[in-house]
Amino acid sequence: MIYDTILSLVQQYHHIGIISHFRPDGDATGSTLALGLALENMGKAVSMWNEDAVPARYAFLEGSDKISSLPEVTPPELELLICVDTGDWKRLGDRATVLFAGFPRIINIDHHGTNTCYGHENLVEGDSAACGFVLYNMLRHWGCEITPAIANALYTAISTDTGSFQYSSTTPELMQAAAALLAAGVDVGDINRRIYQEIPLSTLMVNREVLNHMVVECNGMLSHYSMPAGRKAELGIGPEDTKDLVDIIRTVQGVRVSVIFEDLEDGRIRMSLRSKDPQISVADIASQFGGGGHAMAAGIRMKGELEDVRTRVLAAIREQLNTK
Ligand SMILES: [Mn+2]
């Protein structure tokens, strides 16, 4: 059983590093923290890292200040590296992939169906709603105490990756896990206010920009929005502000596929894709362009000009919409 294999590795080693994907979301942050705190409670020396800072909206989580930026060199004492919520190695980020290249003991714990199993041990539950749910089951199997701080981290991971328990990935077992987390000390009103009702004004201003300029086409089945680099600079917005934009344009009645195009400073285009139609997998579309994710939520990063990339990706989506 993979849970036991991972437990025996954890028991065998003392200095353990935990890392998740760049531009961490609630699942990446909550999963890093929940596992980190649980391992600390087991007496381990734990380092929690991320290539990017913890988003401000998750800074309330107890222990989130322990998630630090990457070290300059791989710490010589590091014995075990655990990657959470990260579907492929390069999603750890440009610096992390160089820093940990060739590291001899990597455990990959994830829930992305497109996971490339880059670890020496891989716990990948592709139909699980959140990495936080995979971890919840593993920690329960290990017999770990779910402290209030761990419960809050896991709840944040699970809630944010299910759109507050709205997506079809929300199973009875997941709801039972959420109930157990409430029993373990999550204050559900407080945590939901902190996660969903304390949005920075700058983010809401970006939302307004998106609503002003989104395009709905393909008989109302496709919504998209493009954020050119110049416009980002004019509005003075950072990466945090552009994270969940696709969730705004996907709510349009009748829309089946939504995509956001964002011109990044490094010459690449970031795309965030969502499907509301079980017949259309945006992971399949994303994989045509080197991206990946889940059937209903996927992402792509590729080099190129915004116009050109948009033309190609929209053509692939229109083809799907017209044939299904
Ligand atoms: Mn996730």
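These are my notebook entries on a predicted model of one chain.

**Ground rules.** I number residues from 1 along each chain as its sequence is written, and my side-chain values use heavy atoms, with hydrogens and water left out.

**Entry 1, the whole chain.** I began with the secondary structure and found 12 helices and 12 strands in the chain; helices (H or I, at least four residues) and strands (E, at least two) are DSSP runs, numbered from the N terminus. The radius of gyration, taken over C-alpha atoms, is 19 Å, close to the 20 Å that the globule rule gives for 324 residues, so the chain is as compact as a globular protein of that length. That rule is 2.2 Å times the number of residues to the power 0.38. I noted a span of about 55 × 40 × 40 Å for the C-alpha trace along its principal axes.

Next I looked at burial, where buried means under 20% relative accessible area, exposed over 50%, and partly exposed in between (1.4 Å probe, protein chains only). Of the 324 residues, 52% are buried. The chain exposes about 14,100 Å², and carbon and sulfur atoms supply 51% of that area; the areas come from the Shrake-Rupley method with a 1.4 Å probe, and for residues only the protein chains shown count as cover. Among contacts (heavy atoms within 4.5 Å) with a separation of 6 or more, 68% join residues 24 or more positions apart.

I turned to helix α4 (residues 131-142) and helix α5 (residues 148-161), which pack at an angle of about 140 degrees with their axes 8 Å apart. Axes here are lines fitted to C-alpha atoms, for helices over the stretch in contact, and angles run from 0 to 180 degrees between N-to-C directions. From α4 I listed Gly132, Phe133, Leu135, Tyr136 and Leu139, and from α5 Ile150, Leu154, Ala157 and Ile158. By class I have 8 nonpolar, 1 polar and no charged residues, with Ala, Val, Leu, Ile, Met, Phe, Trp, Tyr, Cys and Pro as nonpolar, Asp, Glu, Lys and Arg as charged, and the others, Gly among them, as polar.

In the loop between α4 and α5 I found Cys144, which is buried at a relative accessible area of 15%. Not counting residues up to four places away in sequence, Cys144 touches Met42 and Leu139. Asn41 is 103 residues from Cys144 in sequence, yet 8.6 Å away in space, C-alpha to C-alpha.

In helix α7 (residues 188-196) I recorded Ile191, Asn192 and Ile195 as buried. Seen down the axis of α7, these buried residues fall within an arc of 95 degrees, so they line one face of the helix; the arc is that of the directions from the helix axis to the C-beta atoms. Their cover includes α5.

Most residues other than glycine have a negative phi. Ser164 sits in the loop between α5 and α6 (172-183) and is partly exposed at 28% relative accessibility. Asn219 also has a positive phi, about 55 degrees; this residue lies in the loop between β7 (215-217) and β8 (222-227) and is exposed at 80%.

Key
Predicted model: local features only at pLDDT ≥ 70, side-chain atom pairs only at ≥ 80, totals over all residues.
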